[in-house]
Amino acid sequence: MLTMIKGPYLQWPTEESMTFMWETSKPATSRVEVMRAERIHSGYQGNYKQPEQILASAENSGYSLIHQLTVSGLEPGTIYFYKVYSQNEQEAAEAGPFPFKTAMLPGEPFSFTVTSETGGYSGFDITGGEINNSIFAQMKKYRPDFSLFIGDIVNDRTNYADWDQYFFSPGKELLQDTPSFSCLGNHENGGSWYYDFFAFTAPKNYYSFDYGDAHFIALDSTDFINNDTYPASSGKFQAGNAQYDFLVQDLQNTSAKWKIVYFHYSPYVSGGYQVEALRALCPLLEQHSVDLVLSSHTIVYERSYPLRSGRLDFKDGIVYVVAGGAGAMPEWLLPKREWFTSQSLAVPHFLQVAVTPQQLEIRAIDHQGALFDKFSIFKDMDGAKKYI
Ligand SMILES: [Fe+2]
C-alpha cells in the first residue's frame, strides 16, 4: 500500500514561502496545495472555515520516496492550510489539511521552542520513548512558530529506523504545522539521513536564516572538533576553513537586532562532555554582539551568566544555554556548579523563547509542563543590554 510514512512536515519558512516534505512507502509523485485560511467564530480546527480555495500549488511528476516542494508568493506572518498528495500507477495517498504560518517580518513578535537529544538519550532511556512523547506534546501546547533541535535527534547515524522512532513519529503532530531546524550532533554526523530529511540551504551542516528581528546561525561543531582526539580542536577556527569563513561573513552581513547561534557541543557546562576547545569561537561571537548561544550534548539544562572575554559581563555578555532537552543525566553534572553557571538542573525539558524587538524572553519548561527557569535580555534602541 502507498502510505505517507514520515510527515508531512514543514521546513525552511521564509516571509513568502514554505517548504513541505514527506516520505512515502513506495516511489511516487509529489504535489502540495496551499489554501486560504478563513477565520470564523468556530468551525474547522476551532476557528477556521473548512479550507477550500487553493491559492498556490507545486508538484513533481517524477517518482521519489522523500518528497520536497516549495510554495512561494505567500504573505508574511500569515496562516494558511496545506494538503499533500502522492500517487503511482496503482495507488494514491494524501494528508491534510494542516495549518502553517509564514515567517514574520522584522518588528513583529514571534516565539520558538528548543530541545535536543531525542535520540542521544535513547541509550539511557528506560521509559521507552515516553520522554520524547511528552516533550513534543508540551512544546506543541506553546504553539511555537518554529522549533530548533540542537542535535542528537537520533541515536545511530546509520540506522534509518532511528529517524522515525526518535524524531518523526513522536514529533508528528508538532512537525506537521511547525517548521523545524536542526544542527549536526555527534550521533548524526557521518550519516546521510540528516542531509536527506532536512531542506536547509547547502551545505546543510551549517546555514543561517532570518525570522522577525532575529538572525539564527546553525554551526556544525563536530567539524570544529577532531573526531579522533575529541574533545580537542580540529584546528579549523581560522580563515580558509569554509565553515569559519561562512561564520565571519554571515556575522558581518547581518543587521538583525538579535543574533542567536546554535551548535551541538557545549563550550560552557558544569558537567561532563564540556568541549572547552569551542571557546575559541567566543571572541568572534563577542565581536559581532551575539546575544545567545544554544548547545546540548551534555544531557542537562544549564544557563550561564552573561559572559565576555572569559568573565561575567552584565553589560554586553553572551548567555550560553545548554538545552540538552529530551532526557536527563544528573550524574553527568559536577558535584558543584562552575563560576559561569547561573542556573542548572538535570531534568528533561525544552526552552520556549519569545522574541520582540526589545526583549528576548526565555523559559525553561520540564517534560510535565512545569516552568523551572526564566530570564530575559532587554535591548534598547542603541543596543544597550539589560539581563533580568
Ligand atoms: Fe552529543
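Me: Buried means under 20% relative accessible area, exposed over 50%, and partly exposed in between. Is Asp223 buried, partly exposed or exposed?

Reply: First, note that the model above is predicted. Asp223 has a relative accessible area of 23%, so Asp223 is partly exposed. Lys236 is read in the same way: its relative accessibility is 29%, which means that Lys236 too counts as partly exposed.

Me: With which residue does Lys236 form a salt bridge?

Reply: Start with the general idea. Side chains of opposite charge can pair when their charged atoms come close. In this structure, Lys236 forms a salt bridge with Asp223, and their closest N and O atoms are 2.8 Å apart. Asp223 belongs to helix H5 (221-224) and Lys236 to the loop between H5 and H6, so the pair ties together parts that are 13 residues apart in sequence.

Me: How many salt bridges does the structure hold?

Reply: The structure holds 17 salt bridges. One of them joins Lys140 to Asp177, with 2.7 Å between the closest N and O atoms. Lys140 is in helix H1 (residues 130-141), while Asp177 is in the loop between helix H3 (172-175) and strand E10 (180-182), so this pair ties together parts that are 37 residues apart in sequence. Lys140 counts as partly exposed because its relative accessibility is 27%. Asp177, at 22%, also counts as partly exposed.

Me: Which parts of the chain does the pair of Asp316 and Lys385 link?

Reply: The side chains of these two residues meet in a salt bridge of 3.8 Å, N to O. Asp316 sits in the loop between E17 and E18, and Lys385 in strand E23 (residues 385-387); the two residues are 69 residues apart. Their accessibility has to be read one residue at a time. Asp316 has 26% relative accessibility and therefore counts as partly exposed. Lys385 has a relative accessible area of 10%, so Lys385 is buried. Salt bridges can also share partners, and here they join Asp291, Arg308, Asp316, Lys379 and Lys385 into one network.

Me: Now the sheets. What is the order of the strands in the open sheet of seven strands?

Reply: To read a sheet, go across it strand by strand and note the pairing. Here the order is E11-E12-E13-E14-E18-E15-E19, and the pairing is mixed. Strand E11 (207-211) and strand E19 (341-345) are the edge strands, each pairing on one side only. From one strand to the next, the twist averages 15°. Helix H6 (residues 242-253) packs on this sheet and touches E11, strand E12 (214-218) and strand E13 (258-262). The direction of H6 makes about 180° with that of E12.

Me: How many bridges join strand E15 to E19?

Reply: Four bridges join them, and the two strands run antiparallel.

Me: Which strands form a hairpin with three residues between them?

Reply: Those are E20 and E21. Strand E20 (residues 349-355) runs antiparallel to E21, and seven bridges join the two. Ala354, for example, stands opposite Glu361 in E21. E21 also pairs with strand E22 (residues 371-379), in the antiparallel sense and over seven bridges. On that side Gln359 stands opposite Phe378 in E22. The hairpin of E21 and E22 has four residues between the strands, and in it Gly369 takes a positive phi near 100°.

Me: How many of the eight residues of strand E21 are buried?

Reply: Seven are buried, so to read strand E21 (residues 359-366) is to read a mostly covered strand.

Me: Is Phe181 buried or exposed?

Reply: Phe181, found in strand E10, has a relative accessible area of 0%, so Phe181 is buried. The residues that Phe181 touches include Trp12, Phe146, Phe200 and Tyr262.

Me: Which residues form a nonpolar patch on the surface?

Reply: Leu312, Phe314 and Trp339 form it, with about 310 Å² of accessible area together. Phe314 lies in the loop between strand E17 (311-312) and strand E18 (319-323). Phe314 counts as partly exposed because its relative accessibility is 48%.

Terms used: Residues are numbered from 1 along each chain as its sequence is written. This is a predicted model: local features need pLDDT of at least 70, side-chain atom pairs count only at pLDDT 80 or more; totals for chains, interfaces and linings use all residues. Side-chain values use heavy atoms; hydrogens and water are left out. Patches are made of residues with over 30% relative accessible area and no salt bridge: like charges are joined within 9 Å, nonpolar side chains (Val, Leu, Ile, Met, Phe, Trp, Tyr) within 5 Å. Accessible areas come from the Shrake-Rupley method with a 1.4 Å probe; for residues, only the protein chains shown count as cover. A salt bridge is a side-chain nitrogen of Lys or Arg within 4 Å of a carboxyl oxygen of Asp or Glu. Buried means under 20% relative accessible area, exposed over 50%, partly exposed in between (1.4 Å probe, protein chains only). Two strands pair if DSSP finds at least two bridges between them. Axes are lines fitted to C-alpha atoms, for helices over the stretch in contact, and angles run from 0 to 180 degrees between N-to-C directions. Contact means heavy atoms within 4.5 Å. Lists of a residue's contacts leave out its neighbours within four places in sequence.
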